[in-house]
Every structure is written in structure tokens, then in C-alpha cells.
Amino acid sequence: MKYKMTLAAALLAATCFAGAASAKTFVYCSEGSPEGFDPGLYTAGTTFDASAHPIYNRLLEFKPGTTQPEAALAESWDISSDGTVYTFKLRPNVKFQTTEFFTPSRALNADDVIFSISRQIDEKNAWNKYISGGTWEYADSMGFPKLIKSIEKVDDLTVKMTLNRQEAPFLANLAMPFASIVSKEYADSLDKAGKKEQLNQMPVGTGPFSFVAYQQDAVIRFKKNADYWGTAPKIDDLVFAITTDAAVRYQKLKAGECHLMPFPNAADVQSMKADPNLKVMEQEGLNIAYLAYNTTKAPFDKPEVRIALNKAINKKAIVESVFQGMATPATNPIPPTMWSYSKETKDDTYDLDAAKKMLADAGVKDLSMKIWAMPVSRPYMLNARRAAEIMQDDFAKIGVKVEIVSFEWAEYLQRSKDKNRDGAAIMGWTGDNGDPDNFLDTLLGCDAVGGNNRAQWCNKEFDELVKKAKVTPDQAERTKLYEQAQLVFKKEAPWATIDHSLAVVPMVKGVTGFTQSPLGDFTFEAVDIAE
């Protein structure tokens with residue numbers, strides 16, 4: 001009963017804050033529901049915003065507003081001369097959160113770090129399959145099980161990780177949400193009580209806010225972590241008011257029912273900028289939206305068929321209709337603001353006649369296919385349904401019949417990973433660490449097939465290039481390898497690259513302390529609200 005009463009209180013806080021309470025209760029109109037609260041199990045930014053960022057910390061974290069890793073739970077580290085042994089000194093006296101459902105008896109130590117990583121890479125670990133159907137998608141797609149040879153406890157505040165080879169972006173990878181550190185003591189208590197799944201429902205971390213309650217598809221409530229090791233949050237309560245419709249989020253923002261919202265409709269941005277009660281931040285997004293063909297299924301197993309379809313997509317029309325011009329058509333699988341972006345790559349020209357001929361030459365006629373359209377707004381794709389409708393019309397012009405399908409967001413993410421998925425899925429990505437590897441290997445490498453690699457595409461030439469780049473310490477050499485990989489990608493066309501978008505964040509004028517992240521994160525430990 002107590003838990004249900006807390007949920008009701010959270011709902012009230014999300015919709016009825018006013019007066020003095022508004023100074024310390026911050027309401028974020030989030031775009032969707034989290035898949036769960038254990039970051040290691042997921043890859044979606046919506047889930048990370050509700051779990052990894054408020055509740056947890058990592059050994060390293062990105063300096064706000066940058067892609068530069070800095071000390072967090074690890075206050076220092078040493079790397080061996082051959083680049084394969086990393087020794088982390090943990091910050092002392094870091095306390096796990098005390099909640100209504102757990103009271104820790106000790107501070108963070110090496111056991112928590114070893115537990116957090118080992119469960120993701122060791123199939124024999126008792127927690128490797130604690131969620132039915134759950135997978136460690138990020139760790140798997142980045143090759144962590146093959147990369148990490150061992151994790152050892154030197155002492156309570158020292159952890160040694162030994163790799164099987166060099167990994168140029170390893171420190172940046174450890175700063176990513178999936179590498180969040182969870183409490184082994186809490187996990188052990190759940191195991192003893194026969195309630196392992198609760199780790200993904202009622203989380204405990206070391207982050208700036210502790211979890212209070214979650215009402216499915218409605219509201220999440222957090223409160224300030226009084227024992228936080230870092231700078232204490234300025235707000236007492238953080239509420240995620242889950243609001244999937246961008247127009248409704250805007251109305252709530254104008255009405256004072258929330259303080260900040262993500263992913264506005266492009267058509268509303270100018271009126272937001274003109275509103276004296278609002279302010280709007282914007283920056284180039286480190287992102288890509290794409291249409292992922294299932295390259296294991298005929299006729300999409302033929303590059304010439306995929307290229308033919310790509311030639312039929314009017315990307316400029318999508319950019320204009322969906323983004324009102326606040327995006328650019330995409331050529332490469334990484335954004336142009338990222339180092340190693342290939343300027344030599346030539347995009348597929350919009351040419352319906354050529355597309356028809358290529359399909360005919362490939363022996364394809366009377367093709368029917370599905371286009372999957374995500375149900376939520378994302379920074380790289382504000383309205384996937386509208387983008388799918390434009391592609392549906394484009395494909396009809398070359399004789400291809402399209403059915404548009406969609407699912408609830410968590411189900412969409414899960415189903416789209418299926419190696420037997422039909423058709424092509426609209427997907428996208430915002431970089432999680434500022435490294436090209438986070439796009440090229442994470443989304444297109446052979447290790448990511450069945451996970452982040454929604455195209456199910458395993459190309460030996462491409463994979464060898466990106467794997468070699470991973471173990472090359474010199475950035476100039478890495479750049480050459482990634483440039484070659486992008487040319488292979490374009491020749492094989494496992495995706496139709498759609499757009500790179502401008503990231504726009506509107507908020508009420510009194511909000512201070514919010515830093516827009518190039519990684520697309522929404523974090524609130526530093527925010528405040530003017531009286």
C-alpha cells in the first residue's frame with residue numbers, strides 16, 4: 001500500500017506543482033517510457049535518461065557539454081605500456097542510496113565494479129540471464145566479452161582490468177551508460193529473497209537522485225540523494241512526466257506543467273523562440289537516422305536492390321517535412337561533425353528511373369515490403385511515421401508496395417533486433433562517447449548482429465577495417481581506416497542514410513544550470529529553477 005501511495009503522490013507532483021514547491025521540484029516532460037532501470041540491459045537514450053544518468057555513476061563520466069571522459073567513481077587510473085592493463089583507484093567513501101526498499105551497510109568497493117561488468121560478459125555469471133529474454137546488447141555489440149580477459153580485485157578500492165588486446169576508445173566506453181556501477185550488496189539481497197528481477201524495477205545506485213516510484217507510461221519520481229558524493233543537486237525532487245506527443249509536451253511547457261522538454265515538433269520551434277516565457281537551446285546533433293534493411297532476407301540481401309531503393313528516397317523532402325529544414329540529408333553512417341568523416345563518399349542520387357532499372361536488372365518485380373516506423377520522437381527522427389509515409393510514396397513510384405508498421409517503443413526496439421525481421425526499420429543513433437567506433441562497430445560490426453546491428457549485416461572487409469581501427473592508438477591512422485570503412489559501407493548499402501538533425505531543447509525561462517550534451521543526454525543534477 002505504501003508503494004501505491006507513493007505512485008499517487010508522484011502523479012500529483014507531475015501535474016500539480018505550484019508556488020514555492022516549483023522552486024525545488026523539477027518536472028521533465030520526457031518523450032517515452034524506459035524499458036527498465038538496469039542500464040546494462042539497454043541501448044536507448046530514453047532509458048538511459050531515466051536510469052543511468054539520475055540513479056547511477058560510472059568509473060569515468062563525460063565532462064558536461066563535451067565528449068571528454070573525466071574521473072568519477074574512479075578518481076585515477078594507470079594504463080600499462082602495452083595498453084592492455086588498466087588499474088583503477090576507486091573514490092573512497094562513496095555511498096549507495098538509501099531507499100524505502102534498501103539500506104546499504106557499506107560504501108562502494110571493488111566488488112561492485114567487478115559485479116557490474118562481469119555479469120555482462122560472463123555467461124556463467126549467476127546474473128547473466130536474470131531477466132527473461134534480456135541481453136547485454138551494448139556490451140555484446142562492442143565486443144566486451146572477447147575484449148576483457150579478466151577483472152581482478154587488488155584491494156577494496158583498486159580494480160585491475162586486463163584486455164586481450166589494445167582498445168583505443170576503452171576509457172570512453174567505460175564512461176557510457178551501459179557501464180553503470182550497481183550495488184552487489186543490493187543484488188545479493190534480492191537474490192536471497194528470490195527477487196532478482198527487482199534490480200531492473202527498483203534500482204539503487206550512487207548517482208545524484210534516488211528512485212522513488214514509477215507509474216508505467218505515466219510518471220517517474222526521483223528525489224535528491226542526500227548522500228551523493230558529488231556536488232549536491234539544487235532541486236529536491238525530479239519528476240519525469242511521460243508525454244509521447246510532442247505537441248502535448250509543448251502545451252504542458254507553455255502551461256507551466258513541466259520545465260523542460262525534448263524533441264519539439266520542428267514547426268513549433270520558431271514560436272517557442274518568440275515566446276518570452278521560454279528559452280531554446282540548440283546545437284548540431286552527433287546523430288544519424290537511417291533505414292536498416294534486413295540484409296539476410298531476399299531481395300534485400302542484394303546490394304543492388306538496396307541501392308535501388310536508396311535512389312528512390314527523396315531525403316530532401318523528409319528533411320523539409322519532418323524537420324522544417326533543421327536537419328541535413330545524410331551520406332555517411334557517422335555525422336559530419338565527427339572526426340574521420342569521409343568527404344570522399346558519394347551519396348546515392350535521387351533518381352527514380354535509375355532505381356526502376358536497377359530493380360529490373362536485379363530481377364525484382366512486384367515487390368511488397370514493410371517499413372517499420374518508431375512510435376516516439378527521437379533527436380534524429382522527430383516523426384518516423386511521416387518519414388515512412390514519404391518513403392512509402394517514393395517507393396510506390398518505382399512499383400514497390402509498402403506497408404507501414406509500428407509497435408510500442410520497448411517492443412519496437414526488441415522486435416527490430418530479430419534476425420528474421422521482415423522489411424526495413426527506421427532507426428537512429430546519437431553517439432554515446434564521441435568516437436567513430438561507437439557508430440561504425442557498434443551499429444554495423446559483425447559482433448553487433450542480432451543486437452544494435454539492425455541490418456544484420458556482417459561484411460568481412462568492413463569489419464576488419466573497424467576492428468583494426470580499434471586497436472590502433474594513432475588517431476591519424478584510425479581516421480584513414482574509418483574513411484575506408486565508410487566507402488565500403490556506401491558500396492554495400494546496408495542502410496539508407498536519412499538525416500543528421502539539429503538538437504533543440506526548449507525550457508521555461510527560469511531554468512538554469514542545464515547543459516546541452518553533444519551525446520544527446522538529458523541530465524538534471526545541476527539544474528535549478530528561479531524563484
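Predicted model: local features only at pLDDT ≥ 70, side-chain atom pairs only at ≥ 80, totals over all residues.
Now, how are the rings of tyrosine 86 and phenylalanine 88 arranged as an aromatic pair? They are stacked, with 6.3 Å from centre to centre and 15° between the planes. The cut-off for calling a pair stacked is under 30 degrees, so the 15° here qualifies.

Let's step back to the whole structure, which holds 32 aromatic pairs. There is also an aromatic cluster to look for on your screens. Its members are Phe26, Tyr28, Phe222, Phe240, Phe263, Phe514, Phe522 and Phe524.

Rings come up again with two lysines. Lysine 196 sits over the face of tryptophan 127, 4.9 Å from the ring centre. Over the face of tyrosine 250 you will find lysine 254, this time at 4.5 Å from the ring centre.

Last stop, the pockets. How much space lies in the largest pocket? About 690 Å³. Its lining is made up of 34 residues, and those nearest the centre are Glu61, Phe62, Pro64, Thr523 and Glu525. Two strands to follow here are β2, at 60–62, and β3, at 69–71: each gives at least two residues to the lining of the largest pocket.

And what classes of residue make up that lining? In the largest pocket we have 16 nonpolar residues, ten polar ones and eight charged ones.

How values were computed
Residues numbered from 1 in each chain as written. Heavy atoms only, no water. Phe/Tyr/Trp six-rings, centres within 6.5 Å; stacked < 30°, edge-to-face > 60°. Lys NZ or Arg CZ within 6 Å of the ring centre and 35° of its normal. 1 Å grid on protein atoms, 1.4 Å probe; cavity = no way out; pocket = protein on both sides within 12 Å on 5 of 7 lines; lining within 4 Å. Points joined across faces, edges and corners; volume = space filled by probe spheres on them. Helix = DSSP H or I, 4+ residues; strand = E, 2+ residues; numbered from the N terminus. Nonpolar A, V, L, I, M, F, W, Y, C, P; charged D, E, K, R; others polar.
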